[in-house]
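Subject: A structure for you to explore

Hi there,

Here is the structure I promised to send over. Please open it alongside this email, and then read on for what turned up in it.

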Amino acid sequence: MEHPSGGNKGKAGHRITRGILTAAGSLSLLLGVLGLFLPLLPTTPFLLLAAALYYRGSSRFYDRLMAHRTLGTYIVNFREKKAIPLRGKVACMVLLWLSMSYCIFFVVPYLWLKLLLAGIAAGVSVHVLSYKTLK
């Protein structure tokens with residue numbers, strides 16, 4: 001997939017600025033990938049941020065991210081359709097509630113903290129389920 005500007009001309013032209021944007025994009029990408037496995041770490045915002053930072057900092061990294069079979073598809077689907085695949089929603093809900101239930105019942109000793117965790121899990125669930133579902 002080609003960078004829309006055909007390169008970095010006109011985009012964050014300074015070499016140091018591009019390096020900072022690319023490094024920040026890589027950190028955001030790492031957090032987005034971790035979010036695939038950690039229920040409370042959001043995947044989509046970090047992947048969208050990584051794409052935006054790479055777009056301004058490195059056309060090579062942007063193109064590689066957008067061409068990635070899984071992550072590129074995830075970004076395009078969310079950006080264009082405002083939707084999350086059914087498999088992603090199911091995985092998110094299962095991992096979220098399994099990890100939160102474990103923490104609530106076996107790790108956290110205080111009732112107020114258990115209620116807070118349950119509230120966070122409910123809020124994340126409502127947020128994720130509010131998006132359209134791709135089949």
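Let me start with a term: a pocket is an open set of grid points with protein on both sides within 12 Å along at least five of seven lines. Please keep in mind that this is a predicted model.

**The largest pocket**

The volume of the largest pocket is about 810 Å³. Its lining is made up of 30 residues, and the closest to the centre are Leu36, Thr43, Tyr74, Ile84 and Gly88. Two or more lining residues come from each of helix 2 (43-57), helix 4 (71-81), strand 1 (83-85), helix 5 (86-107) and helix 6 (111-129). Which helix gives the most to this lining? That is helix 5, with seven residues. Sorted by class, the lining of the largest pocket holds 19 nonpolar, eight polar and three charged residues.

**Helix 2**

Helix 2 is worth a visit while you are there. From its first C-alpha to its last, this helix of 15 residues reaches 21 Å, close to the 21 Å expected at 1.5 Å a residue. Its buried residues are Thr43, Thr44, Leu47, Ala50, Ala51, Leu53, Tyr54 and Gly57. What do the buried residues of helix 2 pack against? Their partners are helix 1 (15-35), helix 3 (59-67) and helix 4.

**A cavity**

Next comes a cavity, a space where a probe fits but cannot get out. Searching the whole structure gives one cavity of 30 Å³ or more, and the largest cavity contains about 30 Å³ of space. Lining the largest cavity are Thr73, Tyr74, Asn77, Phe78, Ala83, Ile84 and Pro85. Helix 4 and strand 1 each supply at least two residues of that lining, and helix 4 gives the most, with four. By class, five of the lining residues are nonpolar, two are polar and none is charged.

**Aromatic pairs**

The count of aromatic pairs is five. One of them joins tyrosine 55 and tyrosine 62 in an edge-to-face arrangement, 5.4 Å centre to centre with 70° between the planes. Tyrosine 55 counts as partly exposed because its relative accessibility is 22%, whereas tyrosine 62, at 7%, counts as buried. Another pair is formed by tyrosine 110 and tryptophan 112: the ring centres are 6.4 Å apart and the planes are at 25°, so this pair is stacked. Tyrosine 110 has 49% relative accessibility, so it counts as partly exposed, while tryptophan 112 reaches 57% and therefore counts as exposed.

**One backbone angle**

Finally, have a look at lysine 82, in the loop between helix 4 and strand 1. Most residues other than glycine have a negative phi. Lysine 82 is not a glycine, yet its phi is positive, at about 50°. Is lysine 82 buried or partly exposed? Its relative accessibility is 46%, so lysine 82 counts as partly exposed.

Enjoy exploring, and write back with any questions!

Best wishes

Methods
Residues numbered from 1 in each chain as written. Predicted model: local features only at pLDDT ≥ 70, side-chain atom pairs only at ≥ 80, totals over all residues. Heavy atoms only, no water. 1 Å grid on protein atoms, 1.4 Å probe; cavity = no way out; pocket = protein on both sides within 12 Å on 5 of 7 lines; lining within 4 Å. Points joined across faces, edges and corners; volume = space filled by probe spheres on them. Nonpolar A, V, L, I, M, F, W, Y, C, P; charged D, E, K, R; others polar. Expected span 1.5 Å × (residues − 1). Buried < 20%, exposed > 50% of the residue type's maximum accessible area, 1.4 Å probe, protein only. Contact = heavy atoms within 4.5 Å. Phe/Tyr/Trp six-rings, centres within 6.5 Å; stacked < 30°, edge-to-face > 60°.
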